[in-house]
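Hi everyone, thanks for coming. I'd like to walk you through one model today, strand by strand and then helix by helix. Have a look at it first.

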Amino acid sequence: MQEAPAPTGPHALLRNHELRRTPPRLRVLALLFESERHLSITEVCEQLSTSGRAVHPTTVYRTLETFTAVGLAHAVHGPGATRYGITGDPHHHTVCQRCGRVEGLASEHLTEAAARIAALTGLRPDSSGALLVYGRCPGCSA
Ligand SMILES: [Zn+2]
Ligand SMILES: [Zn+2]
């Protein structure tokens with residue numbers, strides 16, 4: 001017997017986390033999926049509004065707090081506004097110290113660094129989200 005494929009997509013994820021599938025939640029989640037980026041509340045509001053799916057900022061804030069609480073999304077606190085990303089494939093983060101832009105960096109690229117940290121300090125970094133690398137993004141280092 002074949003196993004059913006792991007459910008993906010906003011509807012399935014909300015169901016898996018026993019969250020009610022309200023239109024604002026589906027819109028915010030779909031946006032995070034589509035953009036494949038880490039977005040601030042302001043960016044979420046702007047992009048939803050641009051695509052004709054506007055959600056009130058307070059609702060966006062509460063929605064992202066809910067997603068973070070159940071582990072569906074995660075918050076990255078850098079300089080400037082907190083950015084939110086989907087918790088999916090294991091990844092660490094790069095943060096621009098100037099504009100606050102947050103990018104995901106697949107954990108598989110950092111396994112050697114994680115092993116080195118463990119060897120040097122005895123601390124084993126978590127496989128996802130443990131490493132924050134600060135610097136200047138391409139737009140800010142020009
Ligand atoms: Zn992330
Ligand atoms: Zn930057």
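Let's start with the open sheet: three strands form it in the order β5-β4-β6, with mixed pairing. Two strands count as paired if DSSP finds at least two bridges between them. The edges are β5 (102–106) and β6 (132–135), each of which pairs on one side only. From one strand to the next the twist averages 25°. Angles run from 0 to 180 degrees between N-to-C directions, and axes are lines fitted to C-alpha atoms, for helices over the stretch in contact.

A quick word on the ground rules. This is a predicted model, where local features need pLDDT of at least 70 and side-chain atom pairs count only at pLDDT 80 or more, while totals for chains, interfaces and linings use all residues. Residues are numbered from 1 along each chain as its sequence is written, and chains are lettered from A and ligands numbered from 1 in the order in which they are written.

Back to the sheet. Strand β4 (residues 91–96) runs antiparallel to β5, and five bridges join them. If you want a landmark, find His93, which stands opposite Gly104 in β5.

Now please move to β3, residues 83–86. Which residues point which way from this strand? Arg83 and Gly85 go one way, Tyr84 and Ile86 go the other, and all are buried, meaning 20 or more other C-beta atoms lie within 10 Å of the residue's own, with C-beta atoms placed from the backbone.

β3 pairs with β2 (residues 73–76) in the antiparallel sense over four bridges, and His74 stands opposite Gly85. These two strands form a hairpin with six residues between them, and Gly80 in the turn has a positive phi of about 80°. β3 also pairs with β1 (residues 39–40), again antiparallel, over two bridges; there, Ser40 has Arg83 as its bridge partner.

Last stop, the helices. The axes of α3 (residues 41–50) and α4 (residues 57–70) come within 10 Å and cross at roughly 120°. That makes α3 oblique to α4, since angles under 35 degrees count as roughly parallel, over 145 as roughly antiparallel, 65 to 115 as roughly perpendicular and the rest as oblique. Ile41, Val44 and Cys45 in α3 meet Pro57, Val60, Tyr61 and Leu64 in α4, contact being C-beta atoms, placed from the backbone, within 7 Å. Thanks, everyone!

How values were computed:
Buried ≥ 20, exposed ≤ 12 C-beta atoms within 10 Å, placed from the backbone. Contact = placed C-beta atoms within 7 Å.
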